[in-house]
Amino acid sequence: MEERRLGPVVGLGTWNTFGGDAALAEEVVSAALDQGYRLFDSSPMYGGAEASLGAALRARRDGVRVATKIWTSSTDAGREQFRRQLEWFGSVEVEQIHNLAGWREHLPWLERERDAGRVGQIGVTHYSPRAFDELASALRTGRFDIVQVPLNPHERESERELLPLAEELGVKVIVMRPLGEGSLLRGSPPADALSDLGVDSWPEALLKWALSDPRVDVVIPATRNADHARKNARAGEPPWFGSEERRLVERLAA
Ligand SMILES: NC(=O)c1ccc[n+]([C@@H]2O[C@H](COP(=O)([O-])OP(=O)(O)OC[C@H]3O[C@@H](n4cnc5c(N)ncnc54)[C@H](OP(=O)(O)O)[C@@H]3O)[C@@H](O)[C@H]2O)c1
């Protein structure tokens, strides 16, 4: 297995998880914080998840990066989403333009917020390869710090242009759907295959597969299960997979 210099990180996704259920958010987020998670991804699209995430983080906000999104093509509505986020989170470490919605309109005011210190870094996301050309154009403006794209053994389109471009431009990469929205977990490979990989579970192998690509900085598996959050954290520990282990994961996922 190879060692690598950049510190890859497991974060927590919040789509389709606790929504507005503050008690469940508290349980999952505390388990994640106890395991050392330091990045939490959300969006106004995730049905109350931002509010419950904000409440769950309130007492333990130091050192945590909130990566949320602006999800609207209207500048006024985007500013209103940001105003609510400041109430929930105090500041936003990573503000991403969700699904490229209104990205040209949002960039100038987000840059002013970054200059004023209320936003840390600016990112842009899209889940669909059909939008990857536009995502690449957005990155080529040089105005984004972060891009969020899907990457797992069944969804590798981002490897073609976006990951090389992100590397060239020094843009950080957050990986959404590292478990294929759970579709990659329907069967688990035999225990001896997992022990060959040095992991305890199949989700851990898949998360480590993505984090072992040196162009990837963060994976954000979503879960509504505190125990799953604890187990997924193990994927953020070295040693990283080399090409042989990555190919084995790809064969096991085929
Ligand atoms: N999907 C998108 O199009 C999209 C778009 C933009 C951004 N994102 C961001 O990326 C995040 C991650 O993507 P995702 O939510 O689509 O899918 P994902 O993280 O690939 O998969 C989530 C699924 O995996 C299951 N899971 C997680 N850990 C597990 C474990 N250790 N054992 C068994 N099952 C486990 C979860 O179920 P349990 O609750 O039972 O653990 C859930 O059903 C989102 O939450 C969001 O923050 C997603």
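In what order do the nine strands form the open sheet, and is the pairing parallel or antiparallel? The order is 1-9-8-7-6-5-4-3-2, and the pairing is parallel. Strand 1 (9-10) and strand 2 (12-13) stand at the edges with a single partner strand each, so one side of each has no neighbour in the sheet. Two strands are taken to pair if DSSP finds at least two bridges between them. Helices (H or I, at least four residues) and strands (E, at least two) are DSSP runs numbered from the N terminus.

This is a predicted model, in which local features need pLDDT of at least 70 and side-chain atom pairs count only at pLDDT 80 or more, while totals for chains, interfaces and linings use all residues. Residues are numbered from 1 along each chain as its sequence is written, and side-chain values use heavy atoms, with hydrogens and water left out.

Within the sheet, strand 4 (residues 65-70) pairs with strand 5 (residues 92-97) in the parallel sense over four bridges. I70 has I97 in strand 5 as its bridge partner.

The protein chain has 10 helices and nine strands. Its radius of gyration is 18 Å, close to the 18 Å that the globule rule gives for 254 residues, so the chain is as compact as a globular protein of that length. The radius is taken over C-alpha atoms, and the rule is 2.2 Å times the number of residues to the power 0.38. Values for the whole chain follow.

| Property of the protein chain | Value |
|---|---|
| Span of the C-alpha trace along its principal axes | about 55 × 40 × 30 Å |
| Buried share of the 254 residues | 55% |
| Accessible surface | about 11200 Å² |
| Share of that surface from carbon and sulfur atoms | 46% |

Buried means under 20% relative accessible area, exposed over 50%, and partly exposed in between (1.4 Å probe, protein chains only). Accessible areas come from the Shrake-Rupley method with a 1.4 Å probe; for residues, only the protein chains shown count as cover.

A22 lies in helix 1 (residues 22-34) and is partly exposed, with a relative accessible area of 43%. E111 lies in helix 4 (residues 103-115) and counts as buried at 16% relative accessibility. Leaving aside residues up to four places away in sequence, E111 touches I122 and R143.

Terms used. Contact = heavy atoms within 4.5 Å.
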